[in-house]
Amino acid sequence: MWLDTLQTKHHKVLYEIAMTSEPYDSNMTEVAFCSTMATREGFVVVDKDGQIVGCISFSDFTPGIDILVHCTVRAEKQGRWVTRKMLREVFGYVFYSLDLPRVSGFCVPGKSDVAGDFLLQLGFKLEGIRRQTVKLPDGLHDVKLFGMLRDECRWI
């Protein structure tokens, strides 16, 4: 697995991946998804066969303060899609290139809490829960908020 710079040409594949992730918004159109992705920077994760298996993107950049990280991965690659080398590159970008003191993440727990567990395994801390913040086709859902400070990051 290796990282490549996120580009417009990757959006369609990432939309297909996102629409099979749990939970997902089945009302999200490809156009709306691509429009959102066009506002983000980040990386795509590519396997040895050249297939995009996921994405690590960033939004809501506040210079000198924070950035929000988003991760999407093919269901069949969960647990096997990220390497230490990738984590050093991603967190090096956040904490050294952007010189931020923290990075934030969130998840919408679905049938399981894979995303939240993943953030905790990376070293994020649960900072709170915003109740019924996201509307999906099956109703309102809570959002778990996570954060990692530069001095807590073991990947840099």
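Author: Start with one cluster. Phe-43, Phe-58 and Tyr-93 form a single aromatic cluster. Keep in mind that the model is predicted.

How many aromatic pairs are there by the ring-centre rule? The count is six. Take Phe-43 with Tyr-93: the ring centres are 6.0 Å apart and the planes stand at 85 degrees, so this pair is edge-to-face. The cut-off for that label is over 60 degrees. The two partners come from distant parts of the chain. Phe-43 sits in strand β2, Tyr-93 sits in helix α3 (residues 84–97), and 50 residues separate them. Are they buried or exposed? Both Phe-43 and Tyr-93 are buried.

Now a second pair. Trp-81 and Phe-118 have ring centres 5.6 Å apart, with 35 degrees between the planes, and the pair is tilted. Trp-81 lies in the loop between β4 (66–73) and α3, while Phe-118 belongs to helix α4 (residues 114–122), so the pair ties together parts 37 residues apart in sequence. Trp-81 and Phe-118 are both buried too.

Next, the wider setting. In soluble globular proteins, nonpolar side chains tend to be buried together. Here the largest nonpolar core has 28 residues. Which of them touch the most other members? They are Phe-58, Phe-91, Val-94, Val-103 and Phe-124. Phe-58 also belongs to the aromatic cluster above. The elements giving two or more residues to this core are β2, β3, β4, α3, β5 (102–107), α4 and β7 (139–149). Helix α3 gives the most, with seven residues.

Look at Phe-124 in particular. Leaving out residues up to four places away in sequence, Phe-124 touches Val-69, Phe-91, Val-103, Ser-104, Gly-105, Leu-119, Phe-146, Gly-147 and Met-148. Another core lies apart from the largest one. That other core has 12 residues, including Ala-18, Val-44, Ile-52 and Cys-55.

Last, a charged residue. Asp-47 is in the loop between β2 (41–46) and β3 (52–62). Asp-47 is buried, yet it has no salt bridge. The nearest side chain of opposite charge is Lys-77, 4.1 Å away. What does the side chain of Asp-47 reach instead? The backbone nitrogen of Asp-49 lies 2.9 Å from one of its polar atoms. The backbone nitrogen of Gln-51 is also reached at 2.9 Å by the Asp-47 side chain. Beyond four places in sequence, Asp-47 is in contact with Met-1, Trp-2, Val-53 and Lys-77.

Notes: Residues are numbered from 1 along each chain as its sequence is written. This is a predicted model: local features need pLDDT of at least 70, side-chain atom pairs count only at pLDDT 80 or more; totals for chains, interfaces and linings use all residues. Side-chain values use heavy atoms; hydrogens and water are left out. Helices (H or I, at least four residues) and strands (E, at least two) are DSSP runs, numbered from the N terminus. Buried means under 20% relative accessible area, exposed over 50%, partly exposed in between (1.4 Å probe, protein chains only). Lys and Arg count as positive and Asp and Glu as negative; His and the chain ends are not counted. A salt bridge is a side-chain nitrogen of Lys or Arg within 4 Å of a carboxyl oxygen of Asp or Glu. A polar contact is a pair of N or O atoms within 3.5 Å; within protein, one must be able to donate a hydrogen and the other to accept it, and residues adjacent in sequence count only if both atoms are side-chain atoms. Contact means heavy atoms within 4.5 Å. Rings of Phe, Tyr and Trp (its six-membered ring) pair if their centres lie within 6.5 Å; planes under 30 degrees apart count as stacked, over 60 as edge-to-face and the rest as tilted. A nonpolar core is a set of buried Ala, Val, Leu, Ile, Met, Phe, Trp, Tyr and Cys residues joined through side-chain atoms within 4.5 Å.
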